[in-house]
Amino acid sequence: YEGYYAQQNATSYTTTFLAILQSPNNLASADSIIDSKKLARLVKAKRDGTQAIVLSVKGKTPQDAVNLWNKVADSAIQMHTKLQAFADPLLDVTRTPNSPVILKTYPEWPSIFGGGFASSIVIMVSILIIARYLREEHDY
């Protein structure tokens, strides 16, 4: 088949592959070290167009995010390969070139909290020193 029916088949399989990508079994087989509930919070997938899926992953470092992205994508593609024997052999799942793309990096919360706490202590001590200095009587 080709044309309209091939496009309809591929479009409907995108929904199926999206479900495979987000499934707890796929996440558990992708990374056995991290709890599957935590992985579900770190990994998000959404449909982007009729036959494209965007996989977003969060990590402590950009390299951790890239590694997790690769594991989740590879696990889902392996599952697709296993299921392809029982489904349509013409359906294929591929990665786009130059993926994954790192969009944002965030500093860790302890460093943000520690920096904010330290700077607030410095400001408070400075204000106290200036206030005490201004209250004292000076002989000139």
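Visitor: Which residues line the largest cavity?
Guide: Happy to start there, with a predicted model in which local features need pLDDT of at least 70, side-chain atom pairs count only at pLDDT 80 or more, and totals for chains, interfaces and linings use all residues. Residues are numbered from 1 along each chain as its sequence is written, and side-chain values use heavy atoms, leaving out hydrogens and water. On a 1 Å grid over the protein atoms alone, a cavity is a set of points where a 1.4 Å probe fits but cannot get out, and lining residues have an atom within 4 Å of a point. The lining consists of Tyr13, His80, Leu83, Gln84, Ala87, Asp88 and Leu91.

Visitor: What volume does the largest cavity have?
Guide: A volume here is the space filled by probe spheres set on the grid points, which are joined across faces, edges and corners. The whole structure holds one cavity of 30 Å³ or more. Its volume is about 40 Å³.

Visitor: Which helix gives the most to that lining?
Guide: Helices are DSSP runs (H or I, at least four residues), numbered from the N terminus. With three residues, the top contributor is H4.

Visitor: Are H1 and H4 parallel or oblique to each other?
Guide: The axes, lines fitted to C-alpha atoms over the stretch in contact, with angles from 0 to 180 degrees between N-to-C directions, come within 9 Å and cross at roughly 125°. Angles under 35 degrees count as roughly parallel, over 145 as roughly antiparallel, 65 to 115 as roughly perpendicular and the rest as oblique. H1 and H4 are therefore oblique.

How values were computed
Helices (H or I, at least four residues) and strands (E, at least two) are DSSP runs, numbered from the N terminus. On a 1 Å grid over the protein atoms alone, a cavity is a set of points where a 1.4 Å probe fits but cannot get out, and a pocket is an open set with protein on both sides within 12 Å along at least five of seven lines; lining residues have an atom within 4 Å of a point.
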